[in-house]
Amino acid sequence: MDKTKSYEISKDIVLEAFQRVKENKGAAGIDDESIEAFESDLKNNLYKIWNRMSSGSYFPPPIKAIEIPKKSGGTRILGVPTVFDRVAQMVAKIYFEPQVEPYFHSDSYGYRPNKSAADALAATRKRCWKYNWLLEFDIKGLFDNIDHDLLLKAVHLHTDKPWVILYIQRWLKAPFQMLDGTVKERTKGTPQGGVVRRESYTMDCGQPAILSIQNVPTLMCISGNGFVQSSEDNEM
């Protein structure tokens, strides 16, 4: 560990984080910097991320807020972090995900490694032969209403790395920047976009350990019926 740094973060992990972000593609954030532009000064950009994160001085920029139409009518806000911030988020994800992954319910498929919506459909199709009915429901406003304090309690339970907790807290509070340039502070919820949002969602819906959103699936399991969860949509 670099004795001048507060936290031990591997430079190799920072490089791996960029490679994953590049593979996932995605749009530019408020700085309009594309992945290609970021990569044109890759060594310098990755050093900045490593240096700031390992010293505890990394603060995420505002998240670009884009309104997208919903099938049911109205709009939802999609949050687009900068490429720089997505790499930083991915660094935390690489360290944090292996610690929390073993605690997720086996029927939780949303944003988990080696699991997909197709797997959730396959499980549902198989169970159609076992049960006479199926209940499908959507959790209204899930991403907009996640309780930050409750989520951070779950994070505390599953990591011994103070910097992971520190940065997840900062990402949760990162404000939206609207298209007209105004900045909107956030006190709850997670943006629908970016890396940490996926981890936050999975923590909220995938674990039976702490969050109240699990009550219905847990009752279904106790009663002998199965459930399948993928994104904010659920089937029982």
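Is Asp32 buried or exposed? With a relative accessible area of 59%, Asp32 is exposed. Keep in mind that we're looking at a predicted model here.

Asp32 has a salt-bridge partner in Lys64, and the closest N and O atoms of the two sit 3.8 Å apart. This pair links distant parts of the chain, since Asp32 is in the loop between α1 and α2 while Lys64 belongs to strand β1 (residues 63-69), 32 residues apart. Lys64 has a relative accessible area of 18%, under the 20% cut-off, so Lys64 counts as buried.

## The other salt bridges

The model has four salt bridges in total. One of them joins Lys22 to Glu39, with 2.9 Å between the closest N and O atoms. Lys22 lies in helix α1 and Glu39 in helix α2 (residues 35-40), so this bridge ties together parts that are 17 residues apart in sequence. Both ends are partly exposed: Lys22 at 38% relative accessibility and Glu39 at 29%.

Then there's Glu97 with Lys93, whose side chains meet at 2.7 Å, N to O. These two both lie in helix α4 (residues 83-100), four residues apart, or about one turn of the helix. Glu97 and Lys93 are both buried.

## Around Val21

Helix α1 (residues 11-24) also holds Val21.

Take Met90: it is 69 residues away from Val21 along the chain, yet their C-alpha atoms are separated by 7.4 Å.

Notes: Residues numbered from 1 in each chain as written. Predicted model: local features only at pLDDT ≥ 70, side-chain atom pairs only at ≥ 80, totals over all residues. Heavy atoms only, no water. Buried < 20%, exposed > 50% of the residue type's maximum accessible area, 1.4 Å probe, protein only.
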